[in-house]
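This report concerns selected local features of a protein model. The sequence and structure are shown first.

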Amino acid sequence: MCFPFRRRPRGAARIGGLITLVLALAACGPGYRAASGAAATGPGSARAEQMQDNAEAARAVAALQRRYRASTYVATRSWQSANALGATIDYMRASSSQDFLADLRETYRAHHGRDNFLNGYYDDEGWWALTWINAYDLTGHPDYLSQAGDIFADMTGGWDGTCGGGIWWSKARHYKNAIANELFLRVAAELHERTPGDTAFAAWAEREWGWFAGTGMLTGSHLVIDGLAGCKPDMGSPTWTYNQGMLIGALVSLARMTGQGPPLATAERIADAVMANPALSPRGILREPCEPASCGVDEPLFKGIFMKNLKLLADLVGQARAGRPGGTSYRAYIRHNAIAVWSYDRHGDEFGLSWSGPFDSASTARQTSALDVLNTQVSAGRGG
């Protein structure tokens, strides 16, 4: 069965004619995606497959926009909105599209000078800082980079001597956890890279990693637990996939910043551990510890965050070296998941919780997560 593409009610013409053409290739339902990938050979088939990859992401991003009122990315929780806008920016960067630049500008205007993307949670702020760095990379607009720097300055207020350092998860100061500190590390390293002559951001990045590496949140099994309890690693806390992914991305940024190999080697060990873990990667498809029945509002977004950060690692280290679990490269693992999402976890142009299926229900978090992994397959060449 084929599903019609549903355009945004506002500004429908923004989806260009070329995307409209390739959307027809992606209109067929589950099963077509996997079959075409298996049968494709030769340059013509490769081009058709790439066109289909682009078409799938185009459908997913257009469906995501329908979930936002006034195109200012405020229709759900702050951190989810940051990631939804971030995934939309990733789509534009990968495809060379400019379809949603107006949404980006409107979101900035809706918050800048009002709440400035700040709230009571340092991790929410970190997601917004990364989104504005991403927006700067897309547009070159200095205000976006400045906004990220201002957010980071607020995040530094979360650092204190409790547990020897690190930032708190929230401004209530009751929990130090992995995600807030992974974001702090990543944002610091990324701001350093874009700030000529910087030493301050670099110092924060080094300081954060020096602290994080000694907390025990990165366990001997090379998986990241959620946080600390009484300044000791809470070994009973889940190994959420986004904690694995964000540390991978942060370590990739740190490796670029320092030019040193150890952070990259640690990132590879984390990635390998996730891929080899039968609970997190059954049959090679990423799975959240809460699946299939006990996930809340936020957890459905986590897997996409892992995938977009794994792609950063794949882009830096290339294909698998001998000895990696199962001999599977990072790129092959990512693609296997992208195909699974489209083939088994889709209803029309919306996506569910479990990437191995079946589709359960749609939500902003589910849609953003699926877009994240579909974005990894997009090429600006449109298959050419």
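## Backbone and packing features

Cysteine 231 is partly exposed, with a relative accessible area of 39% (buried means under 20%, exposed over 50%, partly exposed in between; 1.4 Å probe, protein chains only). The model is predicted, so local features need pLDDT of at least 70 and side-chain atom pairs pLDDT 80 or more, while totals for chains, interfaces and linings use all residues. Residues are numbered from 1 along each chain as its sequence is written, and side-chain values use heavy atoms, without hydrogens and water.

Most residues other than glycine have a negative phi, and most peptide bonds are trans.

| Residue | Phi | Loop |
|---|---|---|
| Phenylalanine 117 | about 65° | between helix 5 (101-111) and helix 6 (122-139) |

Phenylalanine 117 is buried, at 3% relative accessible area.

Two cis peptide bonds involve proline. One runs from glutamate 291 to proline 292, with omega near 5°, and proline 292 belongs to the loop between helix 11 and helix 12. The other joins glycine 357 and proline 358, with omega about 0°; proline 358 lies between strand 4 (350-351) and helix 14 (364-375).

Threonine 88, in helix 4 (residues 78-95), counts as buried because its relative accessibility is 1%.

Terms used
Helix = DSSP H or I, 4+ residues; strand = E, 2+ residues; numbered from the N terminus.
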